[in-house]
Amino acid sequence: MAFRTVTSAFRDSDGDIIALGSQGDDWSPRTRDDVVADIDAGIHHYAAVASGERLTDIHVVSGPGGRFLRTNADGALANNLDDLPDALTTLLPEFRGNHPSDRQTNWSDNLQGVTHSAEHWYFTQKTKLLKFPSNTDLNEDSGAAVARADMPASLGARSCDHFGDPDYLEWDGHGYVFVPVEGSEGACGREPVLAVFEDLGSDFVFVGASPLPSQNAGRGTSRAGWCAIEPETLLLHSSHNQIRQGLPVFRYNICLDGLAPGRVRLVSASDLVLWDGP
């Protein structure tokens, strides 16, 4: 059983708690229903701390509206969860200053995107992928990179000339960087692709590429400036350069078991249509 300290809460428009959080912890946020299930099953122990007070255990109790969370199971004392700060406020970034100041490094020129693993940062420039240790001084030039990859020749032959914002995923003991790739003309201009690189420590290996099935000139969706993998479903998300009514976020299943033998294949999943209204 893991012990989890709760320091903030997510609330709906009525002020009811819908999730609990602890900034910097990998389990956070956790929905109210999932916390209830964790406590019921004895999987995790939760305790709240608010305004510097001591930890108080979180219990599951039953009421007229169903089962809910509170810090005192009998209701005789105040519920410390009511004193937890709003998570959306506590998650606001803290400005730590500019470093380096008034300097543009050679790797930040034409920078397209960034992702990370537990120990490294991965940056894309227009036609280059760079890997830096997480403790690299940002004042360093690209010589501090421990691995790099250029636009693969096979993609260059398709007139691909633009890496987008990447994402990183570990699967079956391998680390992969997923990079959307566009082109201003030619085959890649009509049909962007997803390129996959395997991180081998001091080098990248180009695993292969696959067209993004929902993104092509025929549908008027021939751009792919970014991708992101949802950690629970492992669905890869991307979009055209506009997201609006009729232009959703496209989602794909990645055939992950094919990556180690060098096969990259995507299958369209349900689109994510964003609601636009008051």
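Strands here are DSSP runs of type E with at least two residues, numbered from the N terminus. The model is a predicted one, and Ser13 comes out as exposed because its relative accessible area is 79%, over the 50% mark.

Zooming out, the protein chain holds four helices and 21 strands. Its C-alpha atoms fill a box of roughly 70 × 45 × 40 Å along the principal axes. Of the 278 residues in the chain, 40% are buried. The accessible surface comes to about 15,200 Å², with 48% of that belonging to carbon and sulfur atoms. As for contacts between residues at least 6 apart in sequence, 43% of them join residues at least 24 apart.

Strands S1, S5 and S6 make an open sheet of three strands, in the order S1-S5-S6 and with mixed pairing. Strand S1 (2–6) and strand S6 (56–57) sit at the edges, each pairing on one side only. Strand S5 (residues 44–48) runs antiparallel to S6, and two bridges join them. Ala47 has Asp57 of S6 as its bridge partner.

Further along comes a hairpin, formed by S10 and S11 with three residues between them. Strand S10 (residues 120–124) and strand S11 (residues 128–133) are antiparallel and are joined by five bridges. In this pairing, His120 stands opposite Pro133 of S11. S11 also pairs with strand S12 (residues 147–150), again in the antiparallel sense, this time over four bridges. There, Lys131 faces Ala147 of S12.

The cysteines tell a story of their own. One disulfide turns up in a search of the whole structure, and it joins Cys160 to Cys188 with an S to S distance of 2.2 Å. The torsion about the S-S bond of this pair is about 95°, so the disulfide is right-handed. The pair ties together distant parts of the chain, 28 residues apart: Cys160 belongs to the loop between helix H3 (153–156) and strand S13 (162–163), while Cys188 is in helix H4 (residues 186–190). Cys160 counts as buried because its relative accessibility is 6%, and Cys188 is buried too, at 0%.

What about Cys227, which is in no disulfide? For Cys227, the nearest cysteine sulfur is that of Cys188, and it lies 14 Å away, whereas a disulfide calls for sulfur atoms within 2.5 Å. Cys227 is buried, given its relative accessible area of 3%. Cys255 is likewise in no disulfide, with the sulfur of Cys227 the nearest one at 16 Å. With a relative accessible area of 27%, Cys255 is partly exposed.

Ser210 is part of strand S17 (residues 204–211), and at 8% relative accessibility it falls under the 20% cut-off and so counts as buried. Setting aside residues up to four places away in sequence, Ser210 touches Val193 and Leu194 as well as Val264, Arg265 and Leu266.

Out on the surface, Ile243, Leu272 and Leu274 form a nonpolar patch, and together they have about 240 Å² of accessible area. Leu272, one of the patch residues, is found in the segment after strand S21 (266–268). With a relative accessible area of 32%, Leu272 is partly exposed.

Conventions. Residues numbered from 1 in each chain as written. Predicted model: local features only at pLDDT ≥ 70, side-chain atom pairs only at ≥ 80, totals over all residues. Heavy atoms only, no water. Buried < 20%, exposed > 50% of the residue type's maximum accessible area, 1.4 Å probe, protein only. Contact = heavy atoms within 4.5 Å. Pairing = 2+ DSSP bridges. Patch = residues over 30% accessible without salt bridge, like charges linked within 9 Å, V, L, I, M, F, W, Y side chains within 5 Å. Areas by Shrake-Rupley, 256 points an atom, 1.4 Å probe, with all protein chains shown as cover. Salt bridge = Lys/Arg side-chain N within 4 Å of Asp/Glu carboxyl O.
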